[in-house]
Amino acid sequence: MFVFLSRWHPGDENCNNKATSTSSFFDNGGKDALDRHRDDLAPSTSKNFVLGNLTNEERDFWQQPDDQGYKPCLKFSDRYGLDSSRILSDRRNYLVVVVSGGLNQQRNQIVDAVVIARILGAALVVPIMQVNVIWGDDSEFSDIFDFEHFKTSLQADVRIVTSLPSTHIGTRPAEEKRTPLNASPEWFKQHYSKRLRRDGILLLRGLDSRLSKDLPADLQKLRCKVAFHALRFAAPIQALGDQITQRMWSQGPYLALHLRLEKDVWVRTGCLPGLGPEHDEEIRTERRLNPKLLTGRTNMTQEERQLAGLCPLTAKEVARLLRGLGATSWTRIYWAGGEPFGGSRALQQLKQEFPNLVNKHDIATPQELEAFRSKASRLAAIDYVVSLNSDVFMPSHGGNMGHALKGHRAYTGHRKHITPNKREMLPFFLNSSLPQRDFNAAIRELHRESVGQPAMWMEKKGRDVLGYPVAECMCKTNHPS
């Protein structure tokens, strides 16, 4: 079970409905069980610590955003229910998917695979996890996620099976590798339905961003149901994530910081880590040898990328941003992410400002981590649990994990999620004559509307409901959708 510190508690009668009650994180005991589990993990110091002798700026740092009364609310249409009986009774058509990338890329593709199976009226075979080309992680679905929970949670939406039936084992699946980006449900039906009916099996690879983010309301709710309810982590991952959370909370509230300082991040973004000529040249060399790794805007210089807000924040920049927002030297920080390029040197300036900077290797014992050694996706899942449970979360750079946690934390009560305004804050970073008080005031004002409060962005085409679950997947307490 995930642990949530939020003003919302499951069981709110105004937003419960049949669609959510069959697939909830909280279906084993409801509100009382959640409260007991949360209280077991979070000691009283975590809840009372921020009431001490703090300045207004320090209080503001831990202040949670106003959720404006929005709660999870997944009420499907009558038509959706009628279609379900036909889809779930089909025993002819099966969708096989191969998902790739890191943990959160895999999660996104699994979500879309469920929705595509629903669109095509096919049963979904448990997704095949492709070995990660960067980290070599060979984890399978059940190593990372609770398969039985996944299957049960979606039993009213899509039929999930562990393998193909004997009638289909000898059939060579029709494989399609040319699915365009942002394809609509109608496109999937038009191009795949006939082939699926003919062969009984369809194999899809490379689903990343293939399904459009602009979907009918029922399919948007299904995406939320998969991401926020069905994809629960496997028990060993969840247990260790809970234990680390408890150890972090034992001394008060904590900030979870997703640091994107790995070598591949610097290579892909076209930016430099600023650790000296030797390290910068290593990144330039890697980029020259593998020019295809650079993602987008290949004609921009390092300086232009930085001014456009496209570069990851360095440890020094993260420290200045947190100080400007009101974090103090005693702030406990759990940093999530892979090994930084440059090792401990890359974190030195952040560690100097915030001595209570730790990660899973500092908090868990070697014995507890042994089962996850060399399993990057499972280690990332532990980071996800601890970050989701944190009092405040901030990513140092955009990416799948930051986006996923933005929506997940919104869905669990709009808990504080700081989105760095890199483009607008850079001039203040470069102005060395600006007094610290003015710098702090400018940084706080820039981020006043970027702390995880409800955001609908209804006018923005292509807005991902998993990052912005209002209003398709959430409703006002007194106005259920």
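Which backbone oxygen lies 2.5 Å from a polar atom of the side chain of Arg415? It is the backbone oxygen of Leu388. This is a predicted model, in which local features need pLDDT of at least 70, side-chain atom pairs count only at pLDDT 80 or more, and totals for chains, interfaces and linings use all residues. Residues are numbered from 1 along each chain as its sequence is written, and side-chain values use heavy atoms, without hydrogens and water.

**Arg415**
- Arg415 sits in the loop between helix 20 and helix 21 (422-430); helices are DSSP runs of H or I with at least four residues, numbered from the N terminus.
- Arg415 counts as buried because its relative accessibility is 3% (buried means under 20% relative accessible area, with a 1.4 Å probe and protein chains only).
- A distance of 7.8 Å separates the C-alpha atoms of Arg415 and Gln453, which are 38 residues apart along the chain.

**Helix 6 and helix 20**
- The axes of helix 6 (residues 103-120) and helix 20 (residues 400-411) come within 8 Å and cross at roughly 55°; axes are lines fitted to C-alpha atoms over the stretch in contact, and angles run from 0 to 180 degrees between N-to-C directions.
- On the helix 6 side, the contact (heavy atoms within 4.5 Å) is made by Asn104, Gln105, Arg107 and Asn108.
- Helix 20 contributes Asn400, Met401, Ala404 and His408.

**Helix 15**
- In helix 15 (residues 315-325), 8 of the 11 residues are buried.
- Among them are Glu317, Leu321 and Gly324.

Conventions
Helices (H or I, at least four residues) and strands (E, at least two) are DSSP runs, numbered from the N terminus. Buried means under 20% relative accessible area, exposed over 50%, partly exposed in between (1.4 Å probe, protein chains only). A polar contact is a pair of N or O atoms within 3.5 Å; within protein, one must be able to donate a hydrogen and the other to accept it, and residues adjacent in sequence count only if both atoms are side-chain atoms.
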